[in-house]
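Hello,

Here is the structure I said I would pass on. Please open it first, then read the notes below it.

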Amino acid sequence: MVDAWRGKGIARALVAEAERSTGSHPAGKLGAAVLYVMHEPELTDFYAGLGFTLSPDSIGIPTPAGFIYHGPVKGYRISVKPLRTGVQMQPMPTPYGRQLIIHGILPLPAP
């Protein structure tokens, strides 16, 4: 049944709407910086075609109190897309695996 719906642009339209809605949703007004999806490995190319970057193992977000790490459920992947300027993504090895570190989401104090 799922195959009958493939190739009709439905998933692409849903992702585009998720990107647009971050600006009109109250959370978007606070500065939603990235959209990330947890997906099956076979959808990696689909999300890459929409401008997402595949995280090697998990994502890390620096905060004033340290890093927030988030990894996928076993058998899934995480892909990330910046939604505003100033967001930078940098792959790097950490004690928790190969992280995609995402800078520019939260304001951090100067070092």
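A residue is called buried if its relative accessible area is under 20%, exposed if that value is over 50%, and partly exposed in between. Keep in mind that this is a predicted model.

By this definition F52 is buried, because its relative accessible area is 5%. Y47 has a relative accessible area of 12%, so Y47 is buried too. F46 comes out at 24% relative accessibility and therefore counts as partly exposed.

Two rings of Phe, Tyr or Trp pair if their centres lie within 6.5 Å, and planes over 60 degrees apart count as edge-to-face. The count under this rule is three aromatic pairs. One of them joins F46 and Y47, with 5.0 Å from centre to centre and 75° between the planes, which is edge-to-face. Another joins Y47 and F52, also edge-to-face, at 5.4 Å centre to centre and with 75° between the planes. Through such ring pairs F46, Y47 and F52 are linked into a cluster.

Now to the surface. Which residues form a nonpolar patch there? They are W5, I10 and L14, and together they have about 350 Å² of accessible area. I10 is part of helix 1, which covers residues 10-24. Its relative accessibility is 39%, so I10 counts as partly exposed.

Regards

Definitions and conventions. Residues are numbered from 1 along each chain as its sequence is written. This is a predicted model: local features need pLDDT of at least 70, side-chain atom pairs count only at pLDDT 80 or more; totals for chains, interfaces and linings use all residues. Side-chain values use heavy atoms; hydrogens and water are left out. Rings of Phe, Tyr and Trp (its six-membered ring) pair if their centres lie within 6.5 Å; planes under 30 degrees apart count as stacked, over 60 as edge-to-face and the rest as tilted. Buried means under 20% relative accessible area, exposed over 50%, partly exposed in between (1.4 Å probe, protein chains only). Patches are made of residues with over 30% relative accessible area and no salt bridge: like charges are joined within 9 Å, nonpolar side chains (Val, Leu, Ile, Met, Phe, Trp, Tyr) within 5 Å. Accessible areas come from the Shrake-Rupley method with a 1.4 Å probe; for residues, only the protein chains shown count as cover. A salt bridge is a side-chain nitrogen of Lys or Arg within 4 Å of a carboxyl oxygen of Asp or Glu. Helices (H or I, at least four residues) and strands (E, at least two) are DSSP runs, numbered from the N terminus.
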